[in-house]
Every structure is written in structure tokens, then in C-alpha cells.
Amino acid sequence: MATPQIDQHTYMTDTRFEKLRNQGVSYESFAQNQSYYLNQLSTTSVMDLYNMGKEKYEIYTNLYNQSNNLFIQLKNQQAKNKVKYDELLATFANNSQTGEASSADKSQAARESGYTTELIRNTNDAEIMANVYLDGRRNAVSMQRLGLAQSVFEQFS
């Protein structure tokens, strides 16, 4: 495979060459020994980045699955409790002289049905955490892709 020709702008701005720039390798030195430096990059940071992304993907997949299962359980519980809450409110409204449930009736219905603000908050928190872990999983995939994209610079013997 032919070595790609890297121009000075790409070398100075692309994060794939940051390690070399941090080591003090000038573009001129890089251009004269391009094969050597590209091979050096391909055997270190590229595969490290890919492997780190692979490990993080596994971690975030497990965390996402746990959080998503919790969210689904809480969402189902919330739906069941909401039905009970609505039934109790309807009963209280029918028994009241005004035809509407009072705030005390609403509080009692919430306690009896289990449809509380704590349940709603916990359900929302579980959904947020599932989304956070899903984003972490997406970032891990991006990290793997970046490692694979950088491996284009890898030189085959």
C-alpha cells in the first residue's frame, strides 16, 4: 500500500498528528520520514484508541441495558398507578357534591394508587440515565471509528 502524502496544513491541524507535534517533530522532519512516523502512529495511538473505544462500548452497553430495563419497569408501574389514580379521582368526584375531586382527595388518591411525584421523578431520572449511557455508547463507537480511520495511515509490510 502506498504511503499517503500529508500536506503541511493537515499535519499542523489534524489531531491524529498531535502526538508527533507534542514530541517536537516539525513538518519538515515528518515529510522527510513520513513512512517512519506514520508507522509509529499506527502501532501506538491508533490501536489504543480503537481498543479503548471497544472497552467503553462494552461498559456503556451494560449500563444502558440496566438503566433501560429499570426505566421500562418504572414506566409500566407508572402507567398502572396512573390508571388506579384516575379511577380513584373519578370515584371521589362522583361522591362529591361539586362533581370534582378536592385537593385532599387528589392527595389521598395519589397515596393509595402509588402514583406519586417520587415515582414520576424516578421514572424521569431512569430515562435520563438510559439516554446518558446510550450517548456514552455512541461516543465509544465514534472512538472505535476514529481509531479505524486513523489506521488508514498504517503501513503494511
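The sections below move from the overall architecture to individual residues.

## Basis of the model

The model is predicted, so local features need pLDDT of at least 70 and side-chain atom pairs count only at pLDDT 80 or more, whereas totals for chains, interfaces and linings use all residues. Residues are numbered from 1 along each chain as its sequence is written, and side-chain values use heavy atoms, with hydrogens and water left out.

## Overall architecture

The protein chain contains seven helices and zero strands, giving the pattern α-α-α-α-α-α-α along the sequence. Helices (H or I, at least four residues) and strands (E, at least two) are DSSP runs numbered from the N terminus.

Of the 157 residues in the protein chain, 31% are buried; buried means under 20% relative accessible area, exposed means over 50%, and partly exposed lies in between (1.4 Å probe, protein chains only). The accessible surface of the chain is about 10,300 Å², and carbon and sulfur atoms contribute 49% of that area. Accessible areas come from the Shrake-Rupley method with a 1.4 Å probe, and for residues only the protein chains shown count as cover. Among contacts with a separation of 6 or more, 67% link residues 24 or more positions apart, where contact means heavy atoms within 4.5 Å.

## Nonpolar cores

The largest nonpolar core has nine residues: Ile6, Tyr11, Phe17, Leu20, Val25, Tyr27, Phe30, Tyr37 and Leu38. At least two residues of this core come from each of helix 3 (27–32) and helix 4 (34–43). A nonpolar core is a set of buried Ala, Val, Leu, Ile, Met, Phe, Trp, Tyr and Cys residues joined through side-chain atoms within 4.5 Å. Apart from neighbours within four places in sequence, tyrosine 27 contacts Ile6, Asp7, Gln8 and Tyr11.

A second, separate core comprises seven residues, among them Leu89, Ala101, Ala109 and Tyr115.

## Serine 113

Serine 113 belongs to helix 6 (residues 103–113). Its relative accessible area is 5%, and therefore serine 113 is buried. Beyond neighbours within four places in sequence, serine 113 is in contact with Asn81, Lys84, Tyr85 and Leu88. A polar atom of the serine 113 side chain lies 3.2 Å from the backbone nitrogen of tyrosine 115.

## Salt bridges

Side chains of opposite charge can pair when their charged atoms come close. The structure holds two salt bridges, each defined as a side-chain nitrogen of Lys or Arg within 4 Å of a carboxyl oxygen of Asp or Glu.

One joins aspartate 86 to lysine 82, with the closest N and O atoms 3.0 Å apart. Both residues lie in helix 5 (residues 45–95), four residues apart, or about one turn of the helix. Aspartate 86 is partly exposed because its relative accessibility is 36%, and lysine 82 is partly exposed at 31%.

The other joins arginine 138 to aspartate 135, whose closest N and O atoms are 2.6 Å apart. These two residues are in helix 7, three residues apart, again about one turn of the helix. Arginine 138 is partly exposed at 47% relative accessible area, as is aspartate 135 at 38%.

## Nonpolar surface patch

Ile128, Met129 and Val132 form a nonpolar surface patch of about 240 Å². Patches consist of residues with over 30% relative accessible area and no salt bridge; like charges are joined within 9 Å, and nonpolar side chains (Val, Leu, Ile, Met, Phe, Trp, Tyr) within 5 Å. Valine 132 lies in helix 7 (residues 117–150) and counts as partly exposed because its relative accessibility is 40%.

Terms used. Polar contact = N/O pair within 3.5 Å; in protein donor to acceptor, adjacent residues only side chain to side chain.
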